[in-house]
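The sequence and the structure are shown first.

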Amino acid sequence: MDLKKYIRDIEDFPKPGIGFKDITTLLIDPKAMQESLNQFVALAKGKGITKVVSMESRGFFFGPMIALEINAGFIPVRKPGKLPAETISQEYALEYGTDTLEIHKDAIQKGDKVLIHDDVLATGGTAEAVVKLVEAAGGEVVQLDFIIDLTFLNGIEKIKKYQVNSLVQY
Ligand SMILES: O=P(O)(O)OC[C@H]1O[C@H](OP(=O)(O)OP(=O)(O)O)[C@H](O)[C@@H]1O
Ligand SMILES: Nc1ncnc2[nH]cnc12
């Protein structure tokens, strides 16, 4: 199945000049969603992964499904002020300015083997911030799995120490 056929291009969203990759058209099709999940599970199985970590918001679509399928726990990384217990914070660069992501301090146990999942790898700033959060919390990053890699933005450069997989590349 060609998953690219299920990803919609929206020009000039959220601002002029950005070609937005819309995965809601993949999520709405159960066969495309199942195929994506199957591919993620094949990439993750047998690696001793104990936790799947995903970032708000679009990482939450597949993150928990992958976790359940490989019998791992799921940990949400959220935008500031949303997690109720003690957190670790990491600032990261956006195209303009900075933003912050947070993880619960006690979510990862020492020795946890972690899969990081998100929908899109663009500049890599978000993924790099989540790697730092996982490592600060004591986890070992095994791999990062994305639906889409926007390779022309070279986000992989920021996480090149790690195994990075994507289902679809542009
Ligand atoms: O590689 P980067 O340049 O860091 O960009 C990738 C991030 O951008 C999008 O999230 P966004 O911040 O738009 O939030 P959302 O998931 O809540 O829509 C996407 O879901 C990734 O998390
Ligand atoms: N072009 C893009 N499409 C969808 N999500 C994104 N996140 C960052 N850049 C994006």
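Where does ligand 1 sit? Ligand 1 sits in the largest pocket. The model is a predicted one, and all values below are computed from it.

**The largest pocket**

The largest pocket has a volume of about 1000 Å³. Strands S2 (19-22), S5 (87-93) and S7, together with helix H4, are the elements that give two or more residues to its lining. The greatest contribution among them is that of S7, with four residues. In total, 33 residues line the largest pocket, and those nearest its centre are Phe 20, Arg 58, Leu 94, Ala 122 and Thr 126. By class, this lining consists of 17 nonpolar, seven polar and nine charged residues.

Ligand 1 is placed in the largest pocket, and the space taken by ligand 2 is also the largest pocket.

Oxygen atoms of ligand 1 take part in contacts with both side chains and backbone. The side chain of Ser 57 has an N or O atom 2.8 Å from an oxygen atom of ligand 1. For Thr 126, the corresponding side-chain distance is 2.5 Å. At Ala 122 a backbone N or O atom is involved, and it lies 2.9 Å from an oxygen atom of ligand 1. On its own, ligand 1 has 500 Å² of accessible area, of which the protein covers 75%.

**The surroundings of ligand 2**

Which residues surround ligand 2? They are Gly 19, Phe 20, Lys 21, Arg 58, Val 120, Ala 122 and Leu 150. Strand S2 provides the largest share of this shell, three residues. The shell around ligand 2 divides into four nonpolar residues, one polar residue and two charged residues.

Nitrogen atoms of ligand 2 take part in the contacts described here. A backbone N or O atom of Gly 19 is 3.1 Å from a nitrogen atom of ligand 2, and a polar backbone atom of Lys 21 is 2.9 Å from a nitrogen atom of ligand 2. The side chain of Arg 58 places an N or O atom 3.0 Å from a nitrogen atom of ligand 2. The protein covers 76% of the 260 Å² of accessible area that ligand 2 has on its own.

| Ligand | Ligand atom | Residue | Part of the residue | Distance |
|---|---|---|---|---|
| Ligand 1 | oxygen | Ser 57 | side chain | 2.8 Å |
| Ligand 1 | oxygen | Ala 122 | backbone | 2.9 Å |
| Ligand 1 | oxygen | Thr 126 | side chain | 2.5 Å |
| Ligand 2 | nitrogen | Gly 19 | backbone | 3.1 Å |
| Ligand 2 | nitrogen | Lys 21 | backbone | 2.9 Å |
| Ligand 2 | nitrogen | Arg 58 | side chain | 3.0 Å |

**Features of the backbone**

Ser 57 belongs to the loop between strand S3 (51-55) and helix H3 (63-69).

A further cis peptide bond runs from Phe 13 to Pro 14, with omega near 0°. Pro 14 is found in the loop between strand S1 (8-11) and S2.

Asn 71 is not a glycine, yet it has a positive phi of about 60°. The loop that holds Asn 71 lies between H3 and strand S4 (73-77).

Note on methods. Residues numbered from 1 in each chain as written. Chains lettered and ligands numbered in written order. Predicted model: local features only at pLDDT ≥ 70, side-chain atom pairs only at ≥ 80, totals over all residues. Heavy atoms only, no water. Polar contact = N/O pair within 3.5 Å; in protein donor to acceptor, adjacent residues only side chain to side chain. Areas by Shrake-Rupley, 256 points an atom, 1.4 Å probe, with all protein chains shown as cover. 1 Å grid on protein atoms, 1.4 Å probe; cavity = no way out; pocket = protein on both sides within 12 Å on 5 of 7 lines; lining within 4 Å. Sits in = over half its atoms within 2 Å of the grid points. Points joined across faces, edges and corners; volume = space filled by probe spheres on them. Nonpolar A, V, L, I, M, F, W, Y, C, P; charged D, E, K, R; others polar. Near = heavy atom within 4 Å.
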